[in-house]
Structure formats: C-alpha cells, structure tokens
Amino acid sequence: MKVLILFGSPNDQTIMKKAKDLLDQFGVHNESYAISAHRAPELLAEVLQKKEDEGFEIIIAGAGLAAHLPGVVASKTALPVIGVPLNGALEGLDALLSIVQMPKEIPVATVGINNSFNAAMLAVEILSIKYPELKEKLKAYRETMKETIRKNNAMEVMYS
C-alpha cells in the first residue's frame, strides 16, 4: 500500500500534511514531494516513473492558482489521481474548477478546497478494495466515528 503525495510548492506542505497524517494513521506508506508541473516538468515525470516502478498505487496531488499539477500527473500515469484544489486566488474556486473540469479520458477525482484529509480518506477507501486488512481498519474507524457522535449527542441513534 503506497500513496504518493505531490504539491506544487513547499508553501502547500501544511495543508497537504493532513493527507500524510491520515495515511500514517491507517498504516499506508506514503511519500511527499513539492514539485511544480510548470517549473520542473522533467523532474515531475522522473519522480512519477520512479514511484510507479516502486509500486505506488494512488497519487494525491494538491495545487492552487492554475492548478495544473493533478491534470499533468493524470496525463503521465494510469494510476488514480486525487486532486486537492488549494486556496491560492479566488479562495480556491479557480483551482477547484481547473481540477474538476479535466478533459474527457484524463479524469482526476477531486475533493473540496484544501481538503487533503478527504483525499487521503478516498485513497484509503480505494486501497481497501485490494487490501482486506485496510478495509477492516476503515470499518473500525467508522465505528469509532459513529460512537463519538453518539457520545457527543448523549442519545441513541436508531438505524434501520
């Protein structure tokens, strides 16, 4: 289980760390790199090839402003790419629209603005299809989440 986390600038590290932290919590190996799709396209291609050869299975890519990183990554690999639009200009709406409107046949799954946590959660869900032990951890995580909600509301919730 390996997830690659990419972002366009070291300034994005704080937001993207939430993805790393969640993947660590689930025991999913991950590595993070700040590589601009515009300023270092050759390095990006080199890292993508190397990590694909090393068995990485999913890529989380965060980008703001023009937000090309997730799309460029998706164009260079057949691995699933999860895009995280980052707040740069227009409160991140420009990045959201850029990532979610990828051309036909080069999709990028997209989460909310600055929501690298949900990108990691989606990566865990995708990986849990292949790794039964991860599926069990995910089920336990959700049960704990439900119990916390029950305790916080001090009432029993009925499910049908």
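This is a predicted model: local features need pLDDT of at least 70, side-chain atom pairs count only at pLDDT 80 or more; totals for chains, interfaces and linings use all residues.
Residues are numbered from 1 along each chain as its sequence is written, and side-chain values use heavy atoms, with hydrogens and water left out.

**Overall fold**
- The protein chain has 6 helices and 5 strands, where helices (H or I, at least four residues) and strands (E, at least two) are DSSP runs numbered from the N terminus.
- Starting at the N terminus, the order of elements is β-α-β-α-β-α-β-α-β-α-α.
- Buried residues (under 20% relative accessible area, 1.4 Å probe, protein chains only; exposed is over 50%, partly exposed in between) make up 39% of the 160 residues.

**Annotated regions**
- UniProt lists "domain: PurE" (unreviewed entry) at residues 1-149; UniProt positions use the numbering given here, feature names are shortened, and annotations may be inferred rather than shown by experiment.
- Over residues 1-149 the chain is 49% helix and 17% strand.
- UniProt also places a "coiled-coil region" (unreviewed entry) at residues 124-151, and that stretch is 89% helix and 0% strand, with its end C-alpha atoms 26 Å apart.

**The aromatic pair**
- The structure holds 1 aromatic pair (ring centres of Phe, Tyr or Trp, with its six-membered ring, within 6.5 Å; planes under 30 degrees apart are stacked, over 60 edge-to-face, the rest tilted).
- Phe26 and Tyr141 form this tilted pair, at 5.3 Å centre to centre and 50° between the planes.
- Phe26 sits in the loop between helix H1 (13-25) and strand S2 (29-34), and Tyr141 in helix H6 (residues 132-153), 115 residues apart.
- Phe26 is buried at 3% relative accessible area, whereas Tyr141 is partly exposed at 24%.
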